[in-house]
Every structure is written in structure tokens, then in C-alpha cells.
Amino acid sequence: MKPSIIPLLTLTLATAAYAAPESFDFKDPKGVNNIVFSLDAPLESVNGSASGVTGTVLFDPENPAATTGKIVVASESLIVPNPMQKEHLHSANWLDVAKYPEITFEVKSFADTKTEGSVTSANVTGSFSLHGVTKEITVPVKLTYLKDKLASRVPNLKGDLLVLRANFNINREDFNIQKGQYEDKVSPTINLTLSIAGAAVQ
Amino acid sequence: MKRMLQLLALLVVLATAITWLVTGANRGWTKTSRPVKTLDEVTGIEGITYQPAFLPGVDFLGASLLAAGLLAGSSLFFRTPRQQPLTKSQFPNQ
């Protein structure tokens, strides 16, 4: 009887190990992860990007709806091509990057999850923190699971990749950024586009 | 001096206009860097890096035209040197 238990136990452990979600690290060694932001202004729209992306996402390809995690963006990494605009953006009057060094999004739940092949789309609800204010928001997210693709991106490393894309708007006034001020000069609506990839090393 | 200031103002206007046109006639604000996109073929993500570049905008045009205006305006404080009438002794011998 004893010998028959061992294969069963092995199978159970193997199944459990297979079902466990993978941990994807979003600190990108290639530095292509970016978040683009844009907001309307009278002369030209203010366009910039942030590259200081870190965070971890637990993703199970067998159960994408159970995905959890947190994405962190260093406020200091926000760049616009005009030096004066960048100075204003980082200043205490706007983002106050010295006082609020991080912008974060923490996943709470997935809804309307649809998976086709390696691509999962869902409406993700989570806590978005900016300028010291945390609000619950829901954003449409697309996750692309690239199995065994890490080696083709980072030589000598085996593992999987998870690409996360999202496009959504926030209102700066919801986060106490110049509330009720400069509405004629800088739009209260900020468009954010996330294109980031995380790696799960095996 | 008057003529020199006027020529300098004209030179500032021309140099500004040429610089603005050559660098792409940017109708936005002046930029000191340019975003460059690079495609990561594995993930399909377009990475953005910023390269130093001077792209003068309408603020640069305005400041330069103001400076040229001030130069041209300051030339009005200088008198045009009048040509002295020739004295009798300066007339060529007849």
C-alpha cells in the first residue's frame, strides 16, 4: 500500500506547484517600462513619461482573475521635455515629489475577466495613490502572458514575462493637485497609458 | 551707433527666425530634450528615452523679438550724424 502513496503525493505536490501563481518583478533591467501621461493645455498638450517603475504582480495563467499585486512609480522619474514645466511639475505646488516620492496602484479585484490565448483583459479595481491621496479606481487592463520568453529578452535568464497595458483617465482635482486652480491653463483630466513588462525568473 | 543697433536688431531677428525654422518650427514651448521611442521586440513595448536637443518654441521667438525690439528702440536715443555744410574754404577751386 505504501508504494502507491508516494506517486500520488508527488502528483499532488506537482499539481500544487503548477497551480501556484508566479511572481513577476516589474523592475525592468532593459529600461523600456514606461507610463505616458498627457493633459491638455492651451498652447500644446503637456506630454511626458515616467520610467521609474517597480512592483510585483502575482499572476496565475490558469486563474488570471486571482491576480494581485502593486505597481509603484517613482514621482521623481516623471519627465517632460520642457525644463521649466518639469520643475513646476515636481514642485510643491503640483506633485511635490519630495514629500510624495511614490505613485502606486494596488490591485484589489478583477471583474469581466476574459482570456483568449495568452491575452487576458479585465476591469481591475484597486487603490490608486497620488500626491498623498488614495482613491479606489477601476481601470481596463490587458495582460499578456509570454511563457518562456524571458531568455529571449534577457540572455542567461529563464522564465516568463507578463506585459501589462492600460489606458485610463484620472482627475487631478481628486488628488488635491491644484484643486480648482489653473483650469483654463492645464486640464484637470490626465490621461495615463501604461506599457510595462514584468519577469518571473525560474 | 544708431545704425549699428539697428543692424544688430535685424541680425537678432534673422538669427532667431533661421534657428526656429531649421529646428522644426516648434509652435509649442521651448524644449531641451527630445523623446526617442525604441521598440522592445519581445514584449512589443515602445520604450521612451530622452536625448538632449534644443527645440526653440514660441517663447524663444517672443523673447528674441522683444530683444530685437529693444535694440531697435534704443537706437532712437541716438541722433543720426548730420552732414556739416561745406564751408567756403572747402569748395574746390573754381
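In chain A, 56% of the contacts between residues at least 6 apart in sequence join residues at least 24 apart, a contact meaning two C-beta atoms, placed from the backbone, within 7 Å. For chain B, residues 24 or more positions apart account for 68% of the contacts with a separation of 6 or more. All of this comes from a predicted model, in which local features need pLDDT of at least 70, side-chain atom pairs count only at pLDDT 80 or more, and totals for chains, interfaces and linings use all residues. Residues are numbered from 1 along each chain as its sequence is written, while chains are lettered from A and ligands numbered from 1 in the order in which they are written.

Confidence comes next. Chain A has a mean pLDDT of 90, with 91% of its residues at 70 or more; pLDDT is the predictor's confidence in each residue, from 0 to 100. Residues 11-17 of chain A stay under 50, and the model gives them 0 contacts beyond four places in sequence. Where pLDDT is low, the predicted coordinates should not be read in detail.

As for its make-up, chain A holds 3 helices and 11 strands, and these are DSSP runs numbered from the N terminus (helices H or I, at least four residues; strands E, at least two). Along the sequence they follow the pattern α-β-β-β-β-β-β-α-β-β-β-α-β-β. The C-alpha trace of chain A spans about 80 × 35 × 30 Å along its principal axes.

Of the 202 residues in chain A, 30% are buried. A residue is buried if 20 or more other C-beta atoms lie within 10 Å of its own, exposed if 12 or fewer, and partly exposed in between, with C-beta atoms placed from the backbone. The largest nonpolar core has 42 residues, and Phe24(A), Leu162(A) and Leu164(A) have the most contacts inside it. Strand S11 (residues 189-201) of chain A gives this core its largest share, 6 residues. Such a core is a set of buried Ala, Val, Leu, Ile, Met, Phe, Trp, Tyr and Cys residues joined through C-beta atoms within 7 Å. Neighbours within four places aside, Phe24(A) touches residues including Thr56(A), Phe59(A), Leu162(A) and Gly198(A).

Ala92(A) sits in the loop between H2 and strand S7 (102-116) of chain A. Ala92(A) counts as exposed because it has 10 C-beta neighbours inside 10 Å. Between the C-alpha atoms of Ala92(A) and Asn123(A), 31 residues apart along the chain, there are 33 Å.

Chain B has 2 helices and 2 strands, running α-β-β-α from the N terminus. Of its 94 residues, 11% count as buried. Helix H1 (residues 2-22) of chain B has 21 residues and reaches 30 Å from its first C-alpha to its last, close to the 30 Å expected at 1.5 Å a residue, that span being 1.5 Å times one less than the number of residues. After H1(B) comes Gly24(B), with a positive phi near 110°.

Strands S1 (residues 31-39) and S2 (residues 46-55) of chain B pair in the antiparallel sense over 8 bridges; pairing requires at least two bridges found by DSSP. Lys37(B) stands opposite Ile48(B) in S2(B). The two strands, S1(B) and S2(B), form a hairpin with 6 residues between them, and Gly44(B) in the turn has a positive phi of about 80°.
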